[in-house]
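Where are the pockets in this protein, and what lines them? Take a look at the structure, then read on.

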Amino acid sequence: MRLRALVSVPLPALLACALAAGCASPAPRPPAPSPDDVIKAAQQRLTDGCLSRRGLTPPRPGDRPPPAAERERVARALFGTGRTELSLTLPTGHSVGAHTDGCLAAAQRALYGDQKRWFQVSTVVNNLKPEAAHADRPLAEVRAGHRAELAQWRQLRTRALKNAEAVLGRDTPTAPRGS
């Protein structure tokens with residue numbers, strides 16, 4: 001008898017109940033951002049704030065490019081000027097350099113604590129594959145030779161993630177030290 005009672009329920013009523021039940025469950029949460037994404041977002045907030053305090057408009061993908069003179073002013077404020085204060089020659093023979101006076105450098109100091117050390121270890125770690133190819137050695141062997149840099153890279157990244165979460169938790173960005 002009960003089976004017949006269910007069958008006699010009109011289809012629209014069954015669909016309404018099914019939809020109502022589906023709507024009552026919470027929507028799945030989007031995946032948490034990766035540590036890289038958190039650090040990049042905080043770095044973006046810090047560099048945007050720095051550029052804005054200098055009276056410059058932070059560049060955005062899709063925006064109409066400003067005149068060449070404005071682009072140059074933004075680039076100089078973002079990346080620094082003058083002689084390159086940080087440099088490192090890699091085992092491949094390539095030299096890499098960076099400034100310490102731009103908004104990006106200030107953001108790195110705010111996130112990593114030690115911009116010079118971050119520059120050195122991140123440059124080495126980011127170039128392990130080219131080093132292995134250049135030396136015709138297995139990547140694992142090259143990585144083993146750079147254990148100290150890898151450990152420092154992880155330590156600085158952990159600090160940067162903690163600082164990035166603090167930066168992103170603020171309602172408004174504050175000036176990083178040294179900007």
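Some terms come first: Ala, Val, Leu, Ile, Met, Phe, Trp, Tyr, Cys and Pro count as nonpolar, Asp, Glu, Lys and Arg count as charged, and the others, Gly among them, count as polar. Note that this is a predicted model.

**The largest pocket**

The largest pocket has a volume of about 270 Å³. It is lined by 16 residues, and those closest to its centre are Gly-97, Ala-98, Leu-104, Gln-108 and Phe-119. Helix H4 (68–79), strand S2 (95–98), helix H5 (103–112) and helix H6 (115–125) each give two or more residues to this lining. H6 provides the largest share, five residues. By class, seven lining residues are nonpolar, nine are polar and none is charged.

**The second largest pocket**

The second largest pocket holds about 210 Å³ of space. Its lining includes Asp-36, Lys-40, Trp-118, Trp-153 and Arg-157. Gln-108 is also one of the residues lining this second pocket. At least two residues each come from helix H3 (35–53), H5, H6 and helix H9 (147–169). H3 gives the largest share of this lining, four residues. Here the classes are four nonpolar, four polar and three charged residues.

**Side by side**

| Pocket | Volume | Largest share of lining |
|---|---|---|
| Largest pocket | about 270 Å³ | H6, five residues |
| Second largest pocket | about 210 Å³ | H3, four residues |

Which residue classes line the largest pocket? Nonpolar and polar residues do, with no charged ones. The lining of the second largest pocket, in turn, has three charged residues.

Notes
Residues numbered from 1 in each chain as written. Predicted model: local features only at pLDDT ≥ 70, side-chain atom pairs only at ≥ 80, totals over all residues. Heavy atoms only, no water. 1 Å grid on protein atoms, 1.4 Å probe; cavity = no way out; pocket = protein on both sides within 12 Å on 5 of 7 lines; lining within 4 Å. Points joined across faces, edges and corners; volume = space filled by probe spheres on them.
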